[in-house]
Amino acid sequence: MGDLLLQIKNLKTYFYLDEGTVRAVDGIDLTVEKGETVGIVGESGCGKTVAAQSILQIMPEPGKIVAGEINYYPDNHKPPVNLARLNPKKDILRRIRGNEISFIFQEPMTAFSPVHTIGNQIMESFLIHNKEMGKRQARAETITILKRVGIPDPGQRVDAYPFQLSGGMRQRAMIAMALSCNPKLLIADEPTTSLDVTVQAQILALLKALQEKYGMSILIITHDLAIVAEMASKVAVMYMGKLVEKGNIMEIYDNPAHPYTKALLDSLPAREKDAEYLKVIKGSVPDPYTRLVGCEFAPRCEEAIEGICDKEKPSVTEVADGHLVWCFLYSDQKEGLGNVEK
Amino acid sequence: MLKNNNGQSLLKIEHLRTYFPVNKGFFGRTQKYIKAVDDVSLYINENETLGVVGESGSGKTTLAHSIMMGIKPCEGKILFKQGDRVLDLKKLSAKELKSIRKHIQMIFQDPFSSLNPRMSVRDIIGEPLMINNGLKRKKLDEKVIDLMNDVGLDPKYLRRYPHAFSGGQRQRIGIARALALNPRLVLADEPTSALDVSIQSQILNLLKRLQQKYNLSYMFISHDLSIVKYISNRVAVMYAGNLMETGPTGAIFPGGLHPYSRALLSAIPSPDPHQRNKEVILLDDQVVDPADLPSGCVFHPRCRYAEDICRQKKPHLEPVNSSKGHRVACHLKEKVSLN
Ligand SMILES: Nc1ncnc2c1ncn2[C@@H]1O[C@H](COP(=O)(O)OP(=O)(O)OP(=O)(O)O)[C@@H](O)[C@H]1O
Ligand SMILES: Nc1ncnc2c1ncn2[C@@H]1O[C@H](COP(=O)(O)OP(=O)(O)OP(=O)(O)O)[C@@H](O)[C@H]1O
Ligand code: SF4
Ligand SMILES: [Mg+2]
Ligand SMILES: [Mg+2]
C-alpha cells in the first residue's frame, strides 16, 4: 500500500431546504493514496459532485458538512489536517485550495472569466502562489504550461480569450490553470463529458501523462464506467448519496458484487454483443427527498430479500481483499433479522 | 431481412446540400456559407436502422431537419417511398408535404425542453391525432392509452403534466407522440444522451421493440458509438458536413476504413479495464471553421495519410471492393486499408 494522501470518513453533506432535506452525501468512506487515480461513478444526482466539492468546502449554498472527517496528509511525518473542520473563509483552507488541491470542472467556461485572456488568468494563479515571482517570469511559466498541456502556438494563445478557443482547447487551458500550482491532488469532475470522443481521448491521455510526470493523485468523477475503466486504479460506486461498492477496478469489473453495479455493467451496450435486448434496471432513481428505511437500492433490486432489505440498512462486508460491498446478500447481519431461511 | 438498394429504399437522399448564409467581411459584403450538409447521399431501407455518427457540428442534426424539410435544403433530392410511388419531398406542394410528413417523425435529445409544460400527457400525445385525424374525447383517450401502453407508461397518468415525470418517462412521452400517426420513418436525434445509464437501456429496448412491432425505420443519431454499434444495421460517418464512410455495422466497427472513422472508433473507451491503454489514434485538436472549409478532402489538415491529391481534389464516396454496401470517400483508401 502506498502513502495516504486523503482519507474521507463517514462524510455527510446535507442540503436543508423548505421542501425537505437532501442527503446529497450520506456517510461515504474513501481513501486516495499518493500518485494514484481513484474514480467515483454513479448516476445523475447520486452525490458525486457534492462529495468532491465537500473536500474543499466549495459546495453550493445551503450545502453543509454535517458529519465526518476529511483527513488530508500533505506530509507523512506530520499529523493530518481535517479539512472538514476548517473554516472555509480562513486562510488555511484557501491556501490548500489553490496550492495543493485543484479542481477541474465539466464546463471550462465556469472556471474562466470571459473578460480576461486565459494567459492573464493563469499568470494570476502563478503570482498568487509564488510571492517572489515577477510578471515576466509568470508569463514565461504560463506559456510553458500551456505548451505542456498540448496547446499549439502557446506564445500566441496566451493572449486569447476563452471564447476564442475550441472546447477541447479550453479544457486544456483549465487543466493548465489547475496545474499551475503543482497540486498534490487534482479533482476532475466529468472533465470530458461535454467533449467529442476524439477530444476526450486526448484529454484522458494528457491527464495520464501529466500524472506520470508530476506524480499527483487524481480523483476522477464521472457517470461513464468506461472512463473509470480507462483511468482509475480504484473505483467507488455511489447510489443516492451512499457508496454501494468499492475496490480495485479490475476486481470490481471481473467480480462485481452489488446488484446495482452488476446491473449497471450488464446494461451497457458495449458488453451485450449479440443479445436481442439489453438488460435493464427497473424503475428510476427516486426523488432526492425520499427517505427509505431499508437499502436505498431495494425498490429497484432484483435480488432484494423481502423483510430484510426493505427494513434495515446494510452494513459493509469485505468480500475480497479491499473489495467492500454494502449489501445484505453478503452480510452476516441478515441472521437474526426477519425470519428468512437461507 | 435487409433489401438491396434497388430503388426500393424507404428513404433515399441524393446529393443533399443544406447551407446557412453568413455574412463576413466589412458590412457583410462577402457572402459566405456554412456548409452544414454538403453533398450527402444515403438511403434507409424498410425496417432498418441507420446510425449517424460524427463530431459536434458535423451536420447530423441539420441532416435530420433537412429530411423533415424543417430546414429547406438548397440542393439535392429527398426521395421517400409511398406505396409504390417514390416522391421527392423537395418538389411537393405545402399540402402534399403535410400529408407525407406524418410518415416521418422526430425524437429529440432533451425530453425536458421538447415537451410543452402546460399540456397534459393526453394532450401532448393526442395533439397530432386531434389535428390530423380529428379524433376527440373518448376515441382520443382510447388511442392515447394504447400508445401509453406501447411505450410502457402507466395510463393512470393520462392527465398528468410533464414536470411530474422522470427523464426516462418524458422520453417515453416523446416517443408515444412520435408514434401517434403511424410513421414509417423515425429520426431519433441523440434520444438517450440526456438519460442515466440505467434508463438508457430501457429506452433502447423500447425503440427496438417498437421497430419490430410497427416495421419502423430509424435514423439514429448519437455521439455514443457503443450505442450506435448496438442498435444500427448500417452506419454513416459524417465530418464537417460530408459523408466520409458508410456501410454495414460489421464493416465499420471495429475499425472502419476512412482515416477519420479509424481515429473516431479508436477513441472509444472500453468499460473493460483490461482493455485500457489500447492504441488510440490521436487527432490534432484543430477547429474546422464551418464557413471556411479546407480545400480538397475536408479532413486533410488532420489526416496522417494526406498527400497532394487530398489537398487539391475532393474525394467522392466510392465502393470498397472487398465489402458489400461499404463506401468510403478517401483518395488513399487502398493505401489506408493496408495499414
Ligand atoms: N444547490 C443545491 N441545492 C439543493 N440541492 C442540491 C444542490 N446541489 C446539489 N443538490 C442535490 O444534491 C444531490 C447530489 O447532487 P450532485 O450534483 O452531487 O449529483 P451528481 O452525482 O454530481 O450528479 P450529476 O451526474 O448530474 O452531475 C442531488 O439530489 C441534488 O439535487
Ligand atoms: N440555423 C443555423 N444557422 C446557422 N448555422 C447553423 C444553424 N444550424 C446549424 N448550424 C451550423 O451548421 C453546422 C452543423 O450543425 P449541426 O447542429 O447539424 O451539427 P451536429 O452534428 O448535430 O452537432 P452536435 O453533435 O453538436 O449536435 C454547425 O457548424 C452549426 O454551427
Ligand atoms: S482523402 Fe486523404 S486526407 Fe482525406 S482521409 Fe483520405 S488520406 Fe486522409
Ligand atoms: Mg455532478
Ligand atoms: Mg445535433
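Buried means under 20% relative accessible area, exposed means over 50%, and partly exposed lies in between, with a 1.4 Å probe and protein chains only. Helices (H or I, at least four residues) and strands (E, at least two) are DSSP runs, numbered from the N terminus. This is a predicted model: local features need pLDDT of at least 70, side-chain atom pairs count only at pLDDT 80 or more, and totals for chains, interfaces and linings use all residues. Residues are numbered from 1 along each chain as its sequence is written, chains are lettered from A and ligands numbered from 1 in the order in which they are written, and side-chain values use heavy atoms, with hydrogens and water left out.

Start with helix 10 of chain A, residues 259-266. Six of its eight residues are buried, so it is mostly covered. They are A:P259, A:Y260, A:T261, A:A263, A:L264 and A:L265. What covers them? The cover includes helix 8 (225-231), strand 9 (234-239), strand 10 (242-248) and helix 9 (249-254) of chain A. Helix 6 of chain B is also part of the cover.

Helix 1 of chain A spans residues 48-56. It is mostly covered too, with eight of its nine residues buried. The buried ones are A:K48, A:V50, A:A51, A:A52, A:Q53, A:S54, A:I55 and A:L56.

Most residues other than glycine have a negative phi, and most peptide bonds are trans. Several places in this model go the other way. A:N182 is not a glycine, yet its phi is positive, about 55 degrees. A:N182 sits in the loop between helix 6 (167-179) and strand 7 (185-189) of chain A. A cis peptide bond joins A:E61 and A:P62, with omega about -5 degrees. A:P62 belongs to the loop between helix 1 and strand 4 (63-72) of chain A.

Phi of B:M69 is positive, near 65 degrees, and B:M69 is not a glycine. B:M69 lies in the loop between helix 1 (60-67) and strand 4 (75-82) of chain B. Is B:M69 buried or exposed? At 11% relative accessibility, B:M69 counts as buried. B:S66, in helix 1 of chain B, is buried at 0% relative accessibility. Contact means heavy atoms within 4.5 Å. Leaving out residues up to four places away in sequence, B:S66 touches B:L16, B:T18, B:I71, B:P73 and B:I78.

## Aromatic rings

A pair of aromatic rings is described by the distance of the centres and the angle of the planes. Rings of Phe, Tyr and Trp (its six-membered ring) pair if their centres lie within 6.5 Å; planes under 30 degrees apart count as stacked, over 60 as edge-to-face and the rest as tilted. Over all chains, the structure holds eleven aromatic pairs. In one of them, B:Y239 and B:Y260 are tilted, 4.7 Å centre to centre with 50 degrees between the planes. B:Y239 is in strand 9 (residues 234-239) of chain B and B:Y260 in helix 9 (residues 259-266) of chain B, so the pair ties together parts that are 21 residues apart in sequence. Both B:Y239 and B:Y260 are buried.

B:Y239 also pairs with B:F299. Their ring centres are 5.1 Å apart and their planes stand at 80 degrees, so this pair is edge-to-face. B:F299 lies in the loop between helix 9 and helix 10 (308-312) of chain B, so the pair ties together parts that are 60 residues apart in sequence. The relative accessible area is 0% for B:Y239 and 1% for B:F299. In chain A, A:Y239, A:Y260 and A:F297 form one aromatic cluster.

## Where the chains meet

In contact are 36 residues of chain B and 44 residues of chain A. Buried area is the accessible area (1.4 Å probe) that two parts lose on being put together, summed over both. Chain B and chain A bury about 3500 Å² between them, 58% of it on carbon and sulfur atoms. B:P271, B:R276 and B:D285 supply 19% of the area that chain B buries against chain A, more than any other three residues.

How many salt bridges cross the interface of chain B and chain A? The rule (a side-chain nitrogen of Lys or Arg within 4 Å of a carboxyl oxygen of Asp or Glu) finds zero.
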